[in-house]
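Q: Please take a close look at one helix and what follows it. Then set it beside a hairpin elsewhere in the chain.

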Amino acid sequence: MAAPEQTTSRALPLLYLSELAKQSGLPEDGDVQKRVQEAIYRVLSYQSSTGSFGLWSPGSGDLWLDAYVTDFLTRAREQKYQVPDQAMVQALDNLQNALSYDVDMKSQGNEIAYSLYVLARNRKAAISDLRYYADTKLSEFPTPLSKGHLAAALALYGDAQRSQSIFEDALQMSTTASNASLDRSDYGSALRDDAAVLTLAAEARPVPTIIPQLAKIVAREWEQKSYTSTQEQMWTLMAARAIQGGDSDLNLDINGTPRSGGYAARLTGDEVLDQPVTITNRSSEPVAAVVTTVAAPAFPLPAGGNGFSIERTYYTLDGEEANVTEAKQNERYVVVINATESNSWPSRVLITDLLPAGFEIDNPTLVDSAKLSNFEWIGEVEAAHTEFRSDRFVAAFDRSAGDNRTITVGYVVRAVTPGTYDHPAASIEDMYRPQFSAFRDGAHGGSGGSIMSLWAKTCAALVGSTLVCVAIMFGLEAADRAYPPPLERARTVSAEVLDADGQLLRAFATPEGRWRLQTTAKDVDPQFVRMLIAYEDQRFWEHKGVDPFALMRAAWQFASHGRIVSGASTLSMQVARLIEPREGRSFTAKFSQLARAVQIERRLSKAEILDLYLTHAPYGGNLEGIRAASLAYFGKEPRRLTVSEAALLVALPQLPEKRRPDRHLRAAETARQRVLERMAVSAVIGEGEAERAALVAVPERRLQLPAFAAHVAEAARRKEPKVIQYQTTLRRNIQKGLETVAKEACSTAWPESLDRHGHGRCAHRRDRRRTRFRRLFRCQPLRLDRHDAHLPLTRLDAEAVHLWPCL
């Protein structure tokens, strides 16, 4: 929209862009001066003969907008841009006239303060008026920004004492009071106000002492925002420009090169992929980094919204509902948009309906056929502003409290160019509360009649695919019986020796040398399971081994890009690959996984499939399964994992050898960050959790799995070689302590008697050294306490007692 407020919000920072670009090391934009000058003329086109500015056309009644635009024109003149004298004089006279009769501080305090500031900046304010407001009316100013404007006006006239005091009062108000009312008419919010006060304070002379505290408040409010309005973005940028000297003590490394002060760069996506930017903070204080991305979505977004709902329907000129996918060239249709606002506060609402490429709008002021004579049920459109552009229809509405929350608007389009086109979504938004908006799902439309619509093609493709799937399913039924999945291979796991409490004492590698510890979902942190399913297979609990939606998405991306963009593997397919590995990645191998996944789903429950994945997922080297990985990288069982640990364990199985943190630390960090970002977007974890988890260091080395009670474990293995888990009556913490003491004692008494694993052979010696060994340990006869009497003393335990007489 070309409204003066929006134009001013975009143009005002451009006044200082060259200055910011030079200090930040960014290339200058040669079109800036032209864009600013055009913006000046555009806002002046909305100025009435009285000097005021209208939001949608020349008019009056919005004093805050008058002050805002005049502030922009004032700053533009200071930067040597051409602002017509007559227009400037009229704008300032308008502010002076308004202040002569607007004295209601309760309802107009923000507007009065802003007008006083703009007049003071142009040397048109009376110092006596400023001091009167400061001394007698200060408590009636409703927001920190209104006090900031008054303080800045006094600073311009050299009253530093009053200015300093009022700035401190504004800071106190920002700290203790909330000014985030959603009923405000001055386009404001807490972030906008505090950023503007920070700008005014930094521009004041002498600079007040509130700058550091206020900067922290603004930074905190910015971090808490998921969406920001143009006002918030503009004043935050202005604040950054005003205090930019405050980052001179930063000490950074940019791709290994030391740098003092702030850093800014503009990079294309290809440049980032070819050469990622690595920033290391060498300062003692935390550093905030802001990354702004500009891109168009590759695929239409699904319908959604907050605070609004919106629907779009096509009709013939006779009033009958039409199927626009069957449009023929030169036919006209009426587009009717119904929107509902769920909030009741005053708002400025904008509806935008983008057209498919084959349609044009008939402007009712130019074409008689564009009048909606057969659509009286739409009612009289009470839009504050409408635009009939070549590529979109735009309507703006000023909503007052108590207005009907339903908006219905219509316009006429004509099919002009045959073809099949993407149909963008219609949208509605609150212009100054960006968190409230809604949009339809993107669709497809066509015109020309002779061309089959994309919808029809899609339906035909789906029918054909369904028939093929049915045939495949009958074939699989027969093949399933003849070639069952090799589930017996999945039963090969590492043998484990456990202590009396079920803690792992020692594990044995599988015959092929893998550490593969049997795992079930109850052995794993539930948060890891949620993150795994959200990242790898969102419809795991619904599909039957193959996710058709994921297959269609992957096929579409492959057809569109000519390469694999994303996979369609489900957890069931990954289990099929793990228990029956194949060389290379081919369509034949993928089809085999599809078939095996369906077979596995027929035989096992979802919980059993998940257990198989948790047991067999690769984690680099000879580590398989989450238990082995958690013990090797974090030294603990996976029953309780931090967000950082869970994210790393979700990321590693995709490329286990290339992401091993003990060999490829940077790749592991990048993969973990990708998981954290997607989990935050999916709301599996909070944004704050993701940010904190990203700061945790990734382990750089692999730990040894528990290896206690060697003799007992070997004896148990020999005694029952087919048992997976052996339960003993040993206590791991006691065993660990005794082995530590024994190792130290043997290394002191007989250094030559330690084997290559550090285990003492002294327990096997039957000579005079045994006497010395017993003396070192001060051994006592073996006793069982009464509370341990229920523990059976098996032959296995008796051997342990014999080997370690001090147990």
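Which residue just after α4 takes a positive phi?

A: Lysine 80 does, with a positive phi of about 75 degrees, just after α4. This is a predicted model, where local features need pLDDT of at least 70, side-chain atom pairs count only at pLDDT 80 or more, and totals for chains, interfaces and linings use all residues. Residues are numbered from 1 along each chain as its sequence is written, and side-chain values use heavy atoms, with hydrogens and water left out.

Now the helix itself. Helix α4 covers residues 63-78. Helices (H or I, at least four residues) and strands (E, at least two) are DSSP runs, numbered from the N terminus. At 1.5 Å a residue, the 16 residues of α4 should span 22 Å, and the end C-alpha atoms are 22 Å apart, which agrees. The expected span is 1.5 Å times one less than the number of residues. α4 is largely enclosed by the rest of the structure, because 14 of its 16 residues are buried. Buried means under 20% relative accessible area, exposed over 50%, and partly exposed in between (1.4 Å probe, protein chains only).

Next, the hairpin. Three residues join strand β9 (residues 385-388) to β10 (residues 392-399) in a hairpin. The two strands pair in the antiparallel sense, over four bridges. Pairing requires that DSSP finds at least two bridges between two strands. Histidine 385 has alanine 396 in β10 as its bridge partner. His385 also lies on the covered face of β9, with Glu387. Thr386 and Phe388 make up the uncovered face.
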